[in-house]
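Please read the following note with the sequence and the model side by side. The points are numbered so that each can be checked in turn.

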Amino acid sequence: MNTPGDALECGHSLAELSTYLDTGEIADPAHLRSCPECQAGLASLRRLSELGSELLSSDLADAGSGHDDWMQSILDNLRLELRPGRNIPLRTENPHDTLWETEGAITALIRSVADALPGTAAGKCRLHGDLAGGESNTADENSTSGAGIIVDVEIAVVYGHPMEERAAELRRELAKTLAFQTELTIEAINITVTDVLELPATPTPTTPTAAATLPPPEPIPSEREDLP
Amino acid sequence: MTGSPSAQHQLDLVPDALLAGRAADGDTAAFEALARRHGPLMRATARRLTGSLADADDVVQETLVQAWKQLENLRDPAAVKGWLLRIVGSRSIDHLRKRRHHLGLDDLENRAENHVEEHSKPQSTDPEHNAVNTSRVEALKAALALLPEEQRRCWVLKEFNDQSYEEIALTLNISPASVRGRLARARITLARTMEEWR
C-alpha cells in the first residue's frame, strides 16, 4: 500500500519500514542493512516511536493513580454485586420452609480463609459436584447421602513461605471452616499453588538457608473440569 | 468478607491472573484491584481515542461494567490487561459514534476544531514564539489531533496498547492490511511533522 510521498529514492517505502518496525519482516533485509536512505527512514520512525512512549508517560501522569478520586467515583458508580452462583439448599426444621445459601457465599468464605492465613492469597475457587445434595434435600433430613463436593482452590504463596506447609495448613483450615459453617459434604480439597508473590523490598529478607529449603513448586494435581 | 485494609493492600501484590480468576468468581475486591491497577492506562488510552478526559472516564466506566459481566468468558486470566484495553478501544469508538449520532454535522465540525485546540493550546496565541517553547510532546499531541481519525486510532492502539494488526483490525472492524496502511500513513505524517521540530 503506497502513500503519496512515502517512496524513498532507493525504491523502497517508509510504509515497508513501518511494517518492519512492528513485525521484523521485510522483503530485502540485505538492502535494508546497507541502504543509507532506509536507515535514515528507520531512524526517523524510531525517534517517533520513542516520542510516542514519552507522550504515553506524560498522559499516564495526567491520568493519575488508580487510587485517586476519579477511579473511586467510577467504582462507586459501578455497584458491583457478588455473583451468586448456584443455590445450595439448607436443611430446615420445618419441611415447608425452603432455605439455601449461594455458591458465591461459599467461595467468598473460602477466599477469606486463604487470605487470612499469613503468606497466602486465594485465586480462583471452584466447587465441583452436586451442590443440591440429592433430589429432595428439604424433605429428607438425612440428606448427607448426596455425593461429596470437591473444592478446587488456586493460591499464591508469598516468597519465603514453604508451599507445602502453607497448602496443608490451608487445607486443614478450610476443612474445619467448611464443616463448621456449611452443610456441604466435602470429599476433597485440592489446592494448587499458581504463583509466588514477591513482596516489594522487604526490610527483613528471608535468610538464604530458609530460601534454600523451599520445596519445589509442585502444584497438587487436581482434576479439572473447566466449566464454561 | 474481603474487607480489611491489609487484605485490600495485599491484593496490590497479587498478579493479574489470580485477581482475574477471583473476579470471575465474583470477588468484587479483586476486580477493583484490577481496575485500579490498569485504570490509568485505560484512562490515558480512552483520552487519546475520544479526545477528552470527561469522555475517557465514561469509557472507563462502561468498560468496567462490560468487563465485570463478561469476565467469566475470559479464557486466559493472565491476559486480562490486553482484554481490558481492547474493550476500552471498542467502547471509545462506540462513544464517538453515539455522540456523532446526536450531533449535527455543524456541531461535528466545531467539535473537531475544539478537539485540535484542546491539544494545541500552547501554540494558540503566538505560534512563532510559543513554537520554540512548546515541548516536542506537545507538538506530537497537536500533530496527532490533526490526523484523520482512523489513522489516529490505529496509532494510539499500537503505540499506547501495543496491539497487533489483527487486534486493532477487530476493534476497528477493518482488515489487518488497512491497519498496516493507516498506521504507516499516520507514522509518516507524524514523523515528517516531528522532524521539523528537531
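**Note on helix packing and aromatic pairs**

1. Helix 5 (residues 103-116) of chain A lies across strand 3 and strand 4 of chain A, and runs at about 150° to strand 3 of chain A. Helix 6 (residues 163-181) of chain A packs on the sheet as well, where it touches strand 3, strand 4 and strand 5 of chain A, its direction making about 140° with that of strand 5 of chain A. Here contact means heavy atoms within 4.5 Å, while angles run from 0 to 180 degrees between N-to-C directions, with axes fitted to C-alpha atoms, for helices over the stretch in contact. Helices (H or I, at least four residues) and strands (E, at least two) are DSSP runs, numbered from the N terminus.

2. This is a predicted model, in which local features need pLDDT of at least 70, side-chain atom pairs count only at pLDDT 80 or more, and totals for chains, interfaces and linings use all residues. Residues are numbered from 1 along each chain as its sequence is written, chains are lettered from A and ligands numbered from 1 in the order in which they are written, and side-chain values use heavy atoms, leaving out hydrogens and water.

3. Strand 3 and strand 4 (residues 149-158) of chain A pair in the antiparallel sense over seven bridges, where pairing requires that DSSP finds at least two bridges between two strands. The bridge partner of H128(A) in strand 4 of chain A is I150(A).

4. R43(B) lies over the face of W70(A), at 4.1 Å from the ring centre; the rule asks for NZ of Lys or CZ of Arg within 6 Å of the ring centre and within 35 degrees of the ring normal.

5. F31(B) counts as buried, at 3% relative accessibility, and W155(B) is likewise buried, with a relative accessible area of 0%. Buried means under 20% relative accessible area, exposed over 50%, and partly exposed in between (1.4 Å probe, protein chains only).
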